[in-house]
Amino acid sequence: MSVDYKVHGTVAVLTLNNPPVNAISRGVRDGLAEGIKRAVASSEVNSVVVFGKPTFSAGADITEFSSKSSPNKSLASSLSDVISLLELSPKPVLAAINGYAFGGGLEIALGCHYRFATKTSKVGLPEVSLGILPGAGGTQRLPRLVGVQHAAQIIVSGKPIPADKAKKFGIVDEVVDGGSDFLDRAVSFWSSADSSRVRPTRNLPIPEAATASAFLDGHLALVKKQSRGLIAPVKCIEAIAAAVNLPFEEGLKKERDLFLELNESSQSKALQYFFFAEKEASKLTGSTAKPAPLKTIGILGAGTMGGGIAMAAANGGLNVLLLDNTQELLERGLQSIKHNYEVSVKRGSLTPQAVAQAIGRIQGTIRFEDFAKADLIIEAVFENMDLKKQIFARLDKTCPPKTILCSNTSSLDIDEIASATSPSRREKVMGTHFFSPANVMRLLENVRGKDSSAETLATGQELGKILRKVPVLVGNCPSFAANRIFKDRSTEGGFLLEEGAFPQDVDKIHLKFGFPMGLFQVSDLSGIDIGVKIMNELKKSNPGVKFVGSPLSSRLVDAGRLGQKTKAGWYQYDDGRTPKPDPVVEKIIVERSKEIGIERRKISDDEILERVVYTVINEGFRVIEEGIVSRPSDLDVISVYGYGWPKFTGGPIFYGVNVVGIKKVYNAIEKYAKRYPDRVYWQPSKLLKALAEDDALARKFNLRVPYVGTEVHRVLSAQQSPTSRL
């Protein structure tokens, strides 16, 4: 049994004991039901305390959501039935919350008559992040405690709430010090509780019920606008409305029906898949190496990227040495960091105290010699191979043998960079590709060189965790994994413009699909000239490779249209931020079509979607077959956190396999390969082709296990060795 029953005087203590996080498995549910029935039946027990060891509860066991042995309907109802037993107990029930009470854990606490929490505890209902809603009464009880407005904010955001704020809202009744005697104090406090403490949450009226419906109507419109295609937030509002408009039991039924509807949706399946994919992504396959200790890191380059990395490191508690060539450049970088921190304080994302501590960890320098005391150094200069090799040669001579040297290159060959160092140093060299802005974007694409040691790679992964990033390890190839699989999307976007579309047509499809920004909006934000420079450097570094693409980006750069920073790029920016279609750009595009003899046509939304999305999927399968990523699911994590791919689709590989279907994707790619034979990226991946043609093999393709060594890998390898394509 996963719940311990023990009587302390006249208080029965039901202790959830399902390590490590007290997931509410069937054993926990059965144990709680048996425990409360036993306490109610006992003449020696006057009151009940529900407690969790070592933490109250992280919520439901997610694996049960799709378990065939535990049908969804019984899963949704059984916890609700257990909570009703607690709530309808004639003896007072206290929830003693330590650590965290999330999801079903908080729903259990909401069903108790009183909530007692430690100062460091947190509560929340994060189900929306899994594409579902609280399915055991959370949407019905929480509004009765905190009101509709707070309930909508808490449930739709899914964010954790610290204990002091939870008390202010009315979620918990008492906030006390924690410590090893917390349970003893809870028992002592509740030992005097009598029937007057019995307060079923279901019987409480909805605060300000007269205005609740009007608020929900307005809030529903806002949620629909902000959700960008997500259905769970909208259903959460519907469930809260049921708490306002229906009797409690009918509201519970409505909540349960909505839960079951969501749990069967493609979005919830994608989000639950992604939950586990993200956990797997940071793990090193086939290695037990421990990371080297990290206390101080050096960052070479105080520009936009270097400054962002410095902020992320300082926020993570590391000491930072920030170096640039001149005092002027260094001061400019430090001032930019200070400004960005001030913005964070104004937005409320950081406190002034936290900012003061972070800034105190950043030390500027123009002396290379100061890097001798760093455990790890990240080079963050612009994309130029010669410059990077010069820097690494100097770092190799300056730093002790134990120092790990990392390049923030987004596309250049890590092994060539490492070749500038001595042979004994090369095991300490790897890539650490941050995404801009580095203090905000969550992906850290770590790149293994051919000589990178297991300890070096483990340290890179640990660095990502310290910086609160999602670290994913990839192999060394031009553009690595993230930029490589999205590069052809940009190329195809240019060809779509030449054939008949305009930037706003392509971007509209991206936004409708769920991307936060369109392809050309992103180009304007990051700087069109940056993309052109990176492509020119790739061409220079790979002289034997034929690159295809439209010259439109270069023509905009030649015209001085670099993006938002010049208030003109693919769009016009009168206020510096809002994109507006520009007749000047449309004229440049139409002239290009005439120049190459293309009669412009109306391109359907479906075709635009296929051509920008399927290029990513196809190249993604090529990256998998080449072993650049460990697990197929790693590409989905990379795409979501590096490129804003909508998480509710699962990522490009999950989307292609489980939402569209491999055969449909493959057939479309073959169609475009025949239409555009000169665009080599439309040639189907060998892996994609093999899976599309063999249903039995496709069923064995597991996205969340390391690909190399699987039966699918062995079959494909036996057919023919995969060849790399840029």
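The model is predicted, with local features requiring pLDDT of at least 70 and side-chain atom pairs counted only at pLDDT 80 or more, whereas totals for chains, interfaces and linings use all residues. Residues are numbered from 1 along each chain as its sequence is written, and side-chain values use heavy atoms, with hydrogens and water left out.

An open sheet of 3 strands has the order 7-9-10 with mixed pairing, where strands (E, at least two residues) and helices (H or I, at least four) are DSSP runs numbered from the N terminus, and two strands pair if DSSP finds at least two bridges between them. Strand 7 (100-102) and strand 10 (161-162) form the edges, each pairing on one side only. Strand 9 (residues 122-124) runs antiparallel to strand 10 and is joined to it by 2 bridges, with Val-123 opposite Ile-161.

Elsewhere, the axes of helix 18 (residues 482-499) and helix 25 (residues 632-643) come within 10 Å and cross at roughly 70°, the axes being lines fitted to C-alpha atoms over the stretch in contact, with angles from 0 to 180 degrees between N-to-C directions. Helix 18 is therefore roughly perpendicular to helix 25, a term covering 65 to 115 degrees.

With a disulfide taken as a pair of cysteine sulfur atoms within 2.5 Å, the count comes to 0. For Cys-406, the nearest cysteine sulfur, that of Cys-399, is 11 Å away.

Key
Angles under 35 degrees count as roughly parallel, over 145 as roughly antiparallel, 65 to 115 as roughly perpendicular and the rest as oblique.
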